Amino acid sequence: MLVAELGQGAFFADRLARQADGRGMLLVAWHRRRPVGDVYLWWERAEEPELQIFLPGTPLLTHLEVHVDHRARGTGTALVAAAERELGRRGHRAVALAVELGNIRAGRLYQRLGYRDWPHPPIRCYSLTDGRGRREAEICRILVKALAGRP
């Protein structure tokens, strides 16, 4: 049902396999039995060397998406809040995420939710793009947030 509503079969296959192995968690927003958004919590080692150096052990909030019919209704905010609660429950002190430099709308959302730029230059991030494992590079800002009640 996820792929039928949101597309990206290779992405969901990869993330559900990682979840089954205990390497992360896929959170899905539902509206009347229909998936309308998702976000993935990546708690395995970051792929990007800069994140390994400057944010070792920090979980990543990745691939936040909301179906076009449900944008600007609080779904993205609710998914981020659920992700932060789950990470806090697991004892994490902070969370990080990457935003492609041209994605102004997403950057505004994250800043409104308390995420702040890290004190390092943008980095090259990778995303899964097809079922063959081909990856696409993007230049991204890294944003970090301390989780509620934590430094």
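Is Glu 86 buried or exposed in this structure? Glu 86 is buried, with a relative accessible area of 13%. By buried I mean under 20% relative accessible area, by exposed over 50%, and by partly exposed anything in between, with a 1.4 Å probe and protein chains only.

Before I go on, a word on the source. This is a predicted model, in which local features need pLDDT of at least 70 and side-chain atom pairs count only at pLDDT 80 or more, while totals for chains, interfaces and linings use all residues. Residues are numbered from 1 along each chain as its sequence is written, and side-chain values use heavy atoms, with hydrogens and water left out.

Let me turn to the overall layout. The protein has five helices and seven strands; these are DSSP runs numbered from the N terminus, helices being H or I with at least four residues and strands being E with at least two. From the N terminus on, the order is α-α-β-β-α-β-α-β-α-β-β-β. Of the 151 residues, 40% are buried. Contact here means heavy atoms within 4.5 Å. Among contacts with a separation of 6 or more, 64% are between residues 24 or more positions apart.

I come now to the interior. A nonpolar core is a set of buried Ala, Val, Leu, Ile, Met, Phe, Trp, Tyr and Cys residues joined through side-chain atoms within 4.5 Å. The largest such core has 21 residues, and Leu 27, Leu 61, Leu 97, Tyr 110 and Tyr 115 have the most contacts inside it. At least two residues of this core come from each of strand E1 (24-31), strand E2 (34-42), helix H4 (75-89), strand E4 (94-100) and helix H5 (104-112). Helix H4 gives the most, with four residues. Another core, of 15 residues, lies apart from this one and includes Leu 51 and Cys 125.

Two residues illustrate the packing. Leaving out residues up to four places away in sequence, Leu 27 touches Gly 37, Asp 38, Val 39, Leu 41, Leu 79, Ala 82 and Ala 83. Glu 86, with which I began, is found in helix H4. Apart from neighbours within four places in sequence, Glu 86 is in contact with Met 25 and Leu 41.

Next, the loop between E1 and E2, which holds Arg 32 and Arg 33. Most residues other than glycine have a negative phi. Arg 32, however, has a positive phi near 50°, and Arg 33 has a positive phi of about 65°. Arg 32 is exposed, with a relative accessible area of 76%, and Arg 33 also counts as exposed, at 76%.

Finally, the largest pocket. On a 1 Å grid over the protein atoms alone, a pocket is an open set of points where a 1.4 Å probe fits, with protein on both sides within 12 Å along at least five of seven lines; lining residues have an atom within 4 Å of a point. The largest pocket is lined by 46 residues, and Thr 62, His 63, Leu 64, Glu 65 and Tyr 110 lie nearest its centre.

Which strand gives the most to this lining? Strand E3 does, with seven residues. Five of the seven residues of E3 are buried, so this strand is largely enclosed by the rest of the structure. E2 and E3 run antiparallel and are joined by five bridges, where two strands pair if DSSP finds at least two bridges between them. Gly 37 stands opposite Val 66 in E3.
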